[in-house]
Amino acid sequence: MENLIKDNVGQPAYLENLYRSNPVEFANAFHQVYPEIQTELTAQIWHERLRNTPNEITWGASKDWIFVAISALIVAFLMQMPDLFSISHDFYFPRNMAFIAMPGLAAFFAFKQDLSLKSILPPLGILLFSVVFINLLPVGPMSDTLLLSCIHLPILIWLLVGYIYSGAQLSQTEKRINFLRFHGDLLVMSVVILLAGGLFTALTINLFGLIGIKIEDFYFRYLVLSALPTVPLLATLLVQQNPTLVSKISPVIARIFTPLVSLMLIIFLLTFIYSGKDPYNDREFLLIFNGILIGVMALLLFSVSESTKDAASHFQRLSLIILAFLAIINNGIALSAIAFRLFELGITPNRFAVLGSNVLVLVNLVFVTRELLGLWKGVKGLKDVEASMTRFLPIYALWAAIVSFVFPLIFTFQ
């Protein structure tokens, strides 16, 4: 996108079409290249336009809202399928929740970018295979391999959404980093919508309660349950049409919570040493430990992607380096505990899956930390940090696919 803007800065019509194809990506790329093209009159006009749009809410074209409305109806039908066809909730929702919420996002990105059927055939084929595979797994008590498939399939589907978001060009670092950045704005907008929806729900229930009508069961069972999975799609539409509306909130959140989480981790690790807790033999503590690691890794990736938008302060970069080192220490402890349990208690699907995930995360953390140190010393650039952070996305997708599809066969559905 950055190269397209620079190469066509003298063609206003082309830039307008490029902006409409993906407003968020265009705005982010334009701010990156503006210092190089600021002498051009067209660039100056675009700079003013993008800078002054936060107070102007764009609702998008009617066809976008029609698409969202149709998607919402499909999602509502899928959420009500268990009751309509007498399907067990325990069977249906754990296996299919990822297929209800996320394909709508992928379809929206394909629709907005007018992608050809040929370009979306690979992710579409993987999606259909996933739906059939997970629903054909043996029915009965939730086995370890079934649980692992239910956990890892959403990761795989999420990365397929990223493939569509990038215009089937997820191999480009710029496309990958924009996909990660998009989630910051998506999260902020989704929270705003949920808060507004919560207020509307409270008012509605209480108003009907005043006249003696109890609508709670009907309201939550049919309306809330059907509408919740549509929130990310609605938030995506608003973010895409108003790229600067919440784009400044995400970096603020990253800058505030990165040092706070780093401080919390330092205190936690010191307390952990003196508490006498044993992750090698305490399974529940090890699970919590890994949960903390996942949260820290997510915050680190989010913070790095936001910090590479502009020239982050030295304090922010130092906070990222400290957080990365603490995450490596946390991961090292968890990895050693998992390996110990694996050798002492034997191989199980859960232990092997967690071991593989932790190894991937550790290697990714090492690469990210190395580039962050290089950035701090001035021998590396922001692009190097972005590349180190995003190059593992296809590897995560491959591992999620292996755990989802191969583990049930290897461990005979146990």
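This is a predicted model: local features need pLDDT of at least 70, side-chain atom pairs count only at pLDDT 80 or more; totals for chains, interfaces and linings use all residues.
Visitor: Is Asn364 buried or exposed?
Guide: Asn364 belongs to helix α16, which covers residues 349-377. The relative accessible area of Asn364 is 0%, and the cut-off for a buried residue is under 20%. Asn364 is therefore buried.

Visitor: Which residues is Asn364 in contact with, leaving aside its neighbours within four places in sequence?
Guide: The residue in question sits in helix α16, and its relative accessible area is 0%. Once the neighbours within four places in sequence are left aside, the contacts of Asn364 are Met297, Ser388, Met389, Phe392 and Tyr396.

Visitor: Ala43 lies in helix α4; how far apart in space are Ala43 and Val33, C-alpha to C-alpha?
Guide: Helix α4 spans residues 41-51, and Ala43 is buried there with a relative accessible area of 1%. Leaving aside neighbours within four places in sequence, Ala43 is in contact with Val9, Phe30, Tyr34 and Ile37. Val33 is 10 residues away from Ala43 in sequence, and the C-alpha to C-alpha separation is 9.7 Å.

Visitor: Is Ser86, with its positive phi, buried or exposed?
Guide: Ser86 is a residue other than glycine with phi near 55 degrees, and it is placed in the loop between α5 (62-84) and α6 (89-101). Its relative accessibility is 71%, and the cut-off for an exposed residue is over 50%. Ser86 therefore counts as exposed.

Visitor: Where does Asp114 lie, and what is its phi?
Guide: Asp114 is found in the loop between α7 (103-113) and α8 (117-136), and at 67% relative accessibility it counts as exposed. Although Asp114 is not a glycine, its phi is positive, at about 55 degrees.

Visitor: At roughly what angle do the axes of helix α13 and helix α15 cross?
Guide: Two packed helices are described by the distance between their axes and the angle between them. For helix α13 (residues 249-275) and helix α15 (residues 314-345), the axes come within 9 Å. The crossing of α13 and α15 is left-handed, and its angle is roughly 35 degrees.

Visitor: How many nonpolar residues does the contact of α13 with α15 have?
Guide: On the α13 side, the residues that meet α15 include Val261, Leu265, Ile266, Leu269 and Phe272, while those of α15 include Phe315, Leu323, Leu326, Ile329 and Ile333. By class, the contact has five polar residues and one charged residue, and the number of nonpolar residues is 14.

How values were computed. Residues are numbered from 1 along each chain as its sequence is written. Side-chain values use heavy atoms; hydrogens and water are left out. Helices (H or I, at least four residues) and strands (E, at least two) are DSSP runs, numbered from the N terminus. Buried means under 20% relative accessible area, exposed over 50%, partly exposed in between (1.4 Å probe, protein chains only). Contact means heavy atoms within 4.5 Å. Axes are lines fitted to C-alpha atoms, for helices over the stretch in contact, and angles run from 0 to 180 degrees between N-to-C directions. A crossing is left-handed if the near helix is turned anticlockwise from the far one by less than a right angle, and right-handed if clockwise. Ala, Val, Leu, Ile, Met, Phe, Trp, Tyr, Cys and Pro count as nonpolar, Asp, Glu, Lys and Arg as charged, and the others, Gly among them, as polar.
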